[in-house]
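Here are a few friendly notes to read alongside the structure. Please keep the model open as you go through the points.

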Amino acid sequence: MSLAHEFFLVPNTVSYQELMGSNEKNPDIIDSIDLPDNLIQYIADSMNWIPCKNPAVSMTREVKGIHYHGVTLFDQTSAATMKSIFTAWHSLFSNSLEKLELTGEFVHSSNKKVLCGRERLLFCRNDVLELLERLLSMIERLKEKNLYLYHLGI
């Protein structure tokens with residue numbers, strides 16, 4: 001089982017403590033999606049441009065980029081940048097072959113999944129596009145002032 005980053009669209013009345021408690025059966029969750037960690041790592045540099053909050057530190061101080069191992073809160077101020085970035089990735093990946101092959105981290109291995117000392121990340125293009133479309137749908141809803149998108153890191 002590979003690592004995943006969970007995203008939850010919830011009313012802004014839901015605290016991150018409530019969300020982390022029992023998110024599978026939480027009736028406040030409007031929508032959710034899991035993105036593979038290796039995909040998040042691949043696009044991580046561009047995610048550093050997104051304004052957000054780290055609710056474990058402060059609900060008022062704005063930062064940029066996801067908290068990789070923790071909780072990140074995206075709200076209405078995050079929506080435009082976030083939508084632009086994920087739309088660009090969607091557009092870029094839509095030009096790939098059906099077998100989407102990306103270059104991952106540098107690794108030391110004799111494994112077949114290593115290409116020139118770097119990990120080969122293999123995805124089905126249509127699966128990635130579907131994930132990004134679902135995330136974009138959730139981001140679009142952030143324009144509503146009463147919603148948050150929480151990211152729970154690995």
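How much space lies in the largest pocket? About 220 Å³.

1. **Ground rules.** This is a predicted model, in which local features need pLDDT of at least 70 and side-chain atom pairs count only at pLDDT 80 or more, while totals for chains, interfaces and linings use all residues. Residues are numbered from 1 along each chain as its sequence is written, and side-chain values use heavy atoms, with hydrogens and water left out.

2. **The pocket and its lining.** A pocket here is an open set of points on a 1 Å grid over the protein atoms alone, where a 1.4 Å probe fits, with protein on both sides within 12 Å along at least five of seven lines; lining residues have an atom within 4 Å of a point. Its volume is the space filled by probe spheres set on the points, which are joined across faces, edges and corners. Among the residues lining the largest pocket are Ser-2, Asp-37, Tyr-42, Glu-105 and Arg-118. Helix 2 (37-47), strand 6 (99-106) and strand 8 (118-124) are the elements that give two or more residues to this lining. The largest share, four residues, comes from helix 2.

3. **Lining by class.** Three nonpolar, five polar and four charged residues make up the lining of the largest pocket. In this scheme Ala, Val, Leu, Ile, Met, Phe, Trp, Tyr, Cys and Pro are nonpolar, Asp, Glu, Lys and Arg are charged, and the others, Gly among them, are polar.

4. **Overall fold.** The protein has four helices and nine strands, in the order β-α-β-α-β-β-β-α-β-β-β-α-β along the sequence. The radius of gyration is 16 Å, close to the 15 Å that the globule rule gives for 154 residues, so the protein is as compact as a globular protein of that length. That radius is taken over C-alpha atoms, and the rule is 2.2 Å times the number of residues to the power 0.38. Helices (H or I, at least four residues) and strands (E, at least two) are DSSP runs, numbered from the N terminus.

5. **A look inside helix 2.** Ile-43 is found in helix 2 and is buried, with a relative accessible area of 3%; buried means under 20% (1.4 Å probe, protein chains only). Leaving aside residues up to four places away in sequence, Ile-43 touches Phe-86, Trp-89 and Phe-93, where contact means heavy atoms within 4.5 Å. Ile-43 and Trp-89 lie 46 residues apart in sequence and 8.1 Å apart in space, C-alpha to C-alpha.

Methods. Buried means under 20% relative accessible area, exposed over 50%, partly exposed in between (1.4 Å probe, protein chains only).
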